[in-house]
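Thanks for coming, everyone. Please bring up the structure on your screens, and we will walk through it together.

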Amino acid sequence: MSLSIISCKDDFDDIIEPTETIDIQNFVWRAMNDFYLYKADSPDLGNDRFSTQEEFINYLKSYNSPENLFEDLLATQDRFSIIVSDYTALENSLSGVNQSTGLRITYLQQSGSNQVYGFIRYVLPGSSADEKGLERGMIFNKINDETLTIDSNFLELTSGNSYTIQLAQFVDDELVSIDQSVILEKRVIQENPVHYSEVLNFDTAKIGYLVYNNFRGDFDSELNAVFQNFNANNVDELIIDLRYNSGGSVESCKDLASMITGQFNNQVFARQIYNSNFDPDELFFDSTIRSGESINSLNLSKVYILTSRNSASASELLINSLNAYIDVVQIGETTVGKFEASRTLYDSPNYNKSNANIGHTYALQPLISKLENANGQGDYAEGLIPQFQKTEDFRDAKAFGDTSESLLSEALNIIGVARSKPSKINQQEVEVIFEDHQNKPNYQKMYLD
């Protein structure tokens, strides 16, 4: 029932005429009819939904925008599919390229009060925040002189090219400003997700520790280099910190799993299940990253993974797929519960970017497959529950690699190489109300590339 695509370019190569809304909506319906994972649960995507071309055209005309049509085609269980009107912004986001001050922020509310503060999870190297000396664990209670509350519009407050934060601290459990304000400027930054790594030396063991904040192909070589260093130092145990990792590339996830292990080359890493238009397929552990570089494998039979309520999609895929082969000790909070992968679909005959309709910049990022491990385990919509539950200590945050940092110290205690005192607060005392990256197109995305 697809409409024929009308040419969007006239005889002069330098004049591009915008594509009609109905033709964009035809692309939306056609792409979803072909690829959408939950096609069977969306009646309007049925192959026999329209008996005539006229009926189909009238259906498309009943929507006043591609966004409205797309939203109506989504199944009720779908929390993650998106449509964008500017695919360049989507591509940049998936590559980690954004206008940013360099802060990664969690907004928290004090239990039993209206007090809200921003907690700096980490700072991007080379950013304005980095140059101004801001560090992980610092907190602030004002943006542009506005005191933060549960009703604050955090996105609007930080939407300008620059903004000012007022640093704060707790005095006898009371949140108070300190005499330090910081002006932050935005600039285009590509975030390196391989944020931090170190070999921690103890009397009885060497522990590899990695903070990995997104599965991103552009930095697979940097990730592989970390494992080369772990290998060179003969690490006995490995801790991977995924608490701020909301997902990313399936290919990068598979390669990280091969770096952790190495003894399962050519065995099934995960199975992908599509809608009825496509047969299931399998992904395999392998020995090279996408560049052809040999993977530096540790051949471990156990790994410790730190998670939070932000750990999603490819982070969960790593845990679930490794669970079929080795002992995965999960520490932290229950994850998001996203086991589906998406793909960027452009308005072209094969939905790739090459030969895409140049009359518009719409693209889709719909769920197109769900993944399960080699034992057929998947569908963890409620998230993956850690064996050791622990909430990050926002009131006493430490630098990454500090062995007294709340989640790292918990992992070291479980391994048996260090002891530390309990956290000063419990998870009931603060509530996460907003994450600064929730509005980004790559938020909680697991994609095929």
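I will cover a cavity, then a loop residue, then some aromatic pairs.

A word of caution before we start. This is a predicted model.

Let's begin with empty space. Rolling a probe the size of a water molecule over the atoms shows where empty space is left. How many cavities of 30 Å³ or more does a search of the whole structure find? The search finds one. Now look at the lining.

Next, please find Asn-275. This residue sits in a loop, with β14 (268-273) on one side and β15 (281-284) on the other. Is Asn-275 buried or exposed? The relative accessible area of Asn-275 is 6%, and buried means under 20%, so Asn-275 is buried. Which atoms does its side chain reach? One is the backbone oxygen of Asp-34, at 3.2 Å. Another is the backbone nitrogen of Asn-277, which lies 2.8 Å from a polar side-chain atom of Asn-275. Now set aside the neighbours within four places in sequence. Asn-275 is then in contact with Asn-33, Asp-34, Phe-35, Tyr-36, Leu-37, Lys-39 and Ile-368.

On to the aromatic rings. The whole structure holds 27 aromatic pairs. I will show you two of them.

Start with Tyr-59 and Tyr-63. Their ring centres are 5.4 Å apart. Their planes meet at 75°, so this pair is edge-to-face. Both Tyr-59 and Tyr-63 are buried.

Now Phe-285 and Tyr-325. Here the ring centres are 5.2 Å apart and the planes stand at 90°, so this pair is also edge-to-face. Where do the two residues lie? Phe-285 is in the loop between β15 and β16 (302-307). Tyr-325 is in the loop between α9 (314-323) and β17 (327-332). The pair therefore ties together parts that are 40 residues apart in sequence. Phe-285 is buried, with a relative accessible area of 2%. Tyr-325 is partly exposed, at 23%.

One last stop. Tyr-59 and Tyr-63 belong to a cluster linked by ring pairs. Trp-29, Phe-50 and Phe-56 are in that cluster too.

That's the tour. Thank you.

Methods
Residues numbered from 1 in each chain as written. Predicted model: local features only at pLDDT ≥ 70, side-chain atom pairs only at ≥ 80, totals over all residues. Heavy atoms only, no water. 1 Å grid on protein atoms, 1.4 Å probe; cavity = no way out; pocket = protein on both sides within 12 Å on 5 of 7 lines; lining within 4 Å. Points joined across faces, edges and corners; volume = space filled by probe spheres on them. Helix = DSSP H or I, 4+ residues; strand = E, 2+ residues; numbered from the N terminus. Buried < 20%, exposed > 50% of the residue type's maximum accessible area, 1.4 Å probe, protein only. Polar contact = N/O pair within 3.5 Å; in protein donor to acceptor, adjacent residues only side chain to side chain. Contact = heavy atoms within 4.5 Å. Phe/Tyr/Trp six-rings, centres within 6.5 Å; stacked < 30°, edge-to-face > 60°.
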